[in-house]
Amino acid sequence: MDEDATWPGWVQARVAGRRPGRGAAKVLALLGTQQREMSYASTAAAASLAGVNVATVVRTAQLLGFSGWPALRAEVRSRFLSGLSAAQVLSEHDPTSEGPARATVLRELANLQALSTMIDQDQIIRVAQLVADARVTLVLGSGSFAAPGLQLAHLAQTIGHDVRLHQVGGTALVNAATLLRPGDVLVVFHLWRSPREVLNAASIAAETGAAVVVVADHVRPEFAERATETLLVPSEGASMFPSLVAAITVVQSIVAALVGLDAEGAARASDRIEGRWEDFDLFPPPGQ
C-alpha cells in the first residue's frame, strides 16, 4: 500500500505529487488516522505521536502551506468538528467547573490568541482593496454564519461601498451570483458546513470573473479552487455551536483596512449617511 494512502484527501491535494521525507510522511498519516488526537496536540505532542522531532512537525505544516503547527492544528480541528453533529460537538467538550459563561470567555480568548498567529495583515489589505475597487460585493453565509456578513455589509455601506448581504437561496441566489461581473466580489463565510448552493454561487461568481473571498475555519477544496483569497479563522465554541468571534474580528479588520485605504472618503460617506439618518429622524436626539 502506498504510504500516502492514509493521508486525508485535502492533504493529498496540498502535497500535489511531492514526496515528503519519511518523518513528514508519518505526521501526514496521523492527520488521517488520528485526526482527533492531532487536533488537540501541542507541537511536542504531535511530534511524540508521530515519533519524530518538533522541527519535522513544523516543516510538515509548512509543506502544506501553513505558517506552523498551530495553524495546521486549527485546520485539523475544524475539519474534525465539521464532521460531527451539534450533539456530537457537545460531547467533545467535557463539563467544566468554570461554568458556561467563563468557559465561553476562555474559549473565545483562546480563539483570538490563535487568530493573532494566523491573520495576515497583507491579505486583509488585499481583500479590502478588492472590495474598494468592486462595483458591487455580494456576501453569503448560511444561518447564523451570515452574522459576520451582516456586519461587513452594513459597515461597508456606511463608508460608501456597495456591499450586499444576500440571504435568499434557490433561483434568487443563482440570479444574484450570475449578475456579478469581472471586478465584482463575492464574500463567503464558510464555517462548520455550508449548503451546496453556496458552493454553487462561488462557482458561478468565479466563472463570471468576480473575485471570490472565503472566510473559513477550514479549507474545503471546492472553495479553494475558486477562491481569490481564503482567510482562515478558528471557530470552536465552548458548547454545541461554532464561535463567530474570530470571523467577526476579521470583518472588523477588513473594515478598518477599507477606512485606511481612503480615510477622507470614508469620513465623507459616513457623514452623508448620518445626514440621511437625521433627515428621516431615525434616532432620538442624543441624551434622550
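Q: In this predicted model, which residues does R193 touch, not counting residues up to four places away in sequence?
A: Start at R193 itself, which sits in the loop between β3 and α12. Leaving out residues up to four places away in sequence, the residues touched by R193 are S82, G83, L84, S85 and F145.

Q: Is R193 buried, partly exposed or exposed?
A: Buried means under 20% relative accessible area and exposed means over 50%, with partly exposed in between. R193 has a relative accessible area of 40%, so R193 is partly exposed.

Q: What is the phi of W192, a residue other than glycine?
A: W192 is also found in the loop between β3 and α12, and with a relative accessible area of 23% W192 is partly exposed. Its phi has a positive value, although W192 is not a glycine, and lies near 65°.

Q: In what order do the five strands of the open sheet stand?
A: Look at the edges to begin with: β2 (163–165) and β5 (229–232) each have a single partner strand, so one side of each is left without a neighbour in the sheet. The pairing in this sheet is parallel. Reading across the open sheet, the order is β2-β1-β3-β4-β5.

Q: Which residue is the bridge partner of V215 in β5?
A: Strand β4 covers residues 211–216 and runs parallel to β5, with four bridges joining the two. The partner of V215 in β5 is L231.

Q: What angle does the direction of helix α12 make with that of β3?
A: Helix α12 (residues 196–208) packs on the sheet, where it touches β1 (137–141), β3 (185–190) and β4. The direction of α12 and that of β3 make an angle of about 155°.

Q: Leaving aside neighbours within four places in sequence, which residues are in contact with V233?
A: Once neighbours within four places in sequence are left aside, the contacts of V233 are L115, M118, L191, V215, A216, D217, A246, A247 and V250.

Q: How many residues apart are E236 and R77, the pair that links distant parts of the chain?
A: The side chains of E236 and R77 meet in a salt bridge, at 2.8 Å from N to O. Both partners are buried: E236 has a relative accessible area of 12%, and R77 stands at 5%. E236 lies in the loop between β5 and α14 (245–261) and R77 in helix α6 (residues 69–82), which puts them 159 residues apart.

Q: In the salt bridge of R135 and D184, is D184 buried or exposed?
A: The two side chains meet at 2.6 Å, N to O. R135 is in the loop between α9 (121–133) and β1 and D184 in the loop between α11 (170–178) and β3, so the pair ties together parts that are 49 residues apart in sequence. R135 is exposed, with a relative accessible area of 53%. D184, at 1% relative accessibility, counts as buried.

Q: In which helix do R276 and D279 both lie?
A: R276 and D279 form a salt bridge between their side chains, at 3.7 Å from N to O, and both residues are exposed. They are three residues apart, about one turn of the helix, and that helix is α15.

Q: Which kind of aromatic pair do W277 and F283 form?
A: The structure holds one aromatic pair. Its rings lie 5.7 Å centre to centre, with 65° between the planes. Planes over 60 degrees apart count as edge-to-face, so the pair of W277 and F283 is edge-to-face.

Key
Residues numbered from 1 in each chain as written. Predicted model: local features only at pLDDT ≥ 70, side-chain atom pairs only at ≥ 80, totals over all residues. Heavy atoms only, no water. Pairing = 2+ DSSP bridges. Contact = heavy atoms within 4.5 Å. Axes fitted to C-alpha atoms, helices over the stretch in contact; angles between N-to-C directions. Buried < 20%, exposed > 50% of the residue type's maximum accessible area, 1.4 Å probe, protein only. Phe/Tyr/Trp six-rings, centres within 6.5 Å; stacked < 30°, edge-to-face > 60°. Salt bridge = Lys/Arg side-chain N within 4 Å of Asp/Glu carboxyl O.
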